[in-house]
Amino acid sequence: MNLRFPAPKAGALATRQRSESIGVYALELESVKGYYETMIKLKQKAETVYSILDELLPPDIQFLEQRDPFRFMISVILSAQTTDRIVNIVTEPLFERFPTVEALASAPLEEVEEIIFPTGFYRMKAKNITSCAQALVGKEIPSTMEELIKLPGVGRKTANCVIGDIYGKPAIIVDTHFGRVVRRLGLVDTKDPEKIEKQISRLLDKEKHYRFSMTVNMFGRTVCHAKKPGCEECPLRSICPSSDAFLKASSKG
Ligand code: SF4
């Protein structure tokens, strides 16, 4: 028995291929359309969050007390895996003992370790901050991401803090508070800090990046806490997809 299907005629085959490619094209068009619709909605939401927090929160938000550019950068390096409160405590004796770039560059490691011990990871941090100081002797603090991340102990978060705070340039600063809030608000779909930075930077105009970073960060520290977010009184509740679940959980006790 011949089970082979007859080969389609050349014309029929061409018609089928054409209609299949039209179908694929229509599907692609739909997904591109969906992508743009999603982006428009996300941009609108990011703008709303920006405006609400910008109005509610103080105009000048600072978490670290050391305002001199070099000291500020060292403070940010020390802030990894600890609180800004502890950093503010240890940086006082640190810069009293080693007040300049040169002094920190030639500081004995054990002495630095002893002072910064409360920040945790003190051995690695002492090495990083002294090496960073050595790399900066006689130089300006760099102003670009590319140059900053070449410095010992400086990752994207520290670099963005320097770019935004010291140089007043656009910067998305992703720390634990910022990442948590933008995820809960449905503005990003990842936990990866670099991806969060990229996704958020596409949603807002550049001149809003730094202010958005600082207000969202402060909002995460004061309202949208990691364990018990204050959803009941939250000014972003009507646009937050996570609020119902948190409210339900808190009503159950
Ligand atoms: S509604 Fe709750 S989860 Fe959403 S942003 Fe406000 S505090 Fe955070």
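At what angle do helix α5 and helix α6 pack? Select residues 109-116 for α5 and 122-136 for α6: the angle is about 120°, and the axes are 9 Å apart. Before going on, note that this is a predicted model, where local features need pLDDT of at least 70, side-chain atom pairs count only at pLDDT 80 or more, and totals for chains, interfaces and linings use all residues. Residues are numbered from 1 along each chain as its sequence is written.

Helices here are DSSP runs (H or I, at least four residues; strands are E, at least two), numbered from the N terminus. Axes are lines fitted to C-alpha atoms, for helices over the stretch in contact, with angles from 0 to 180 degrees between N-to-C directions. Under 35 degrees counts as roughly parallel, over 145 as roughly antiparallel, 65 to 115 as roughly perpendicular and the rest as oblique; α5 and α6 are therefore oblique to each other.

Stay with this pair and show side chains. On α5, pick Leu 109, Val 112, Glu 113 and Ile 116; on α6, pick Tyr 122, Arg 123, Lys 125, Ala 126, Lys 127, Ile 129 and Thr 130. Contact means C-beta atoms, placed from the backbone, within 7 Å. By class, that makes six nonpolar, one polar and four charged residues.

Colour Phe 70, Ile 74, Ile 77 and Leu 78 in α2, then Lys 125, Asn 128, Ile 129, Cys 132 and Leu 136 in α6, which they meet. This contact divides into seven nonpolar, one polar and one charged residue.

Now zoom out and colour by domain: domain 1 is 69-166 and domain 2 is 176-251, with bounds from an automatic or database domain assignment. Their C-alpha centres lie 28 Å apart.

Last stop: select the ligand. It is surrounded by 14 residues, the closest being Cys 224, Cys 231, Cys 234, Cys 240 and Ser 243; a residue is near if its C-beta atom, placed from the backbone, lies within 6 Å. The shell has nine nonpolar, three polar and two charged residues.

Methods. Contact = placed C-beta atoms within 7 Å. Nonpolar A, V, L, I, M, F, W, Y, C, P; charged D, E, K, R; others polar.
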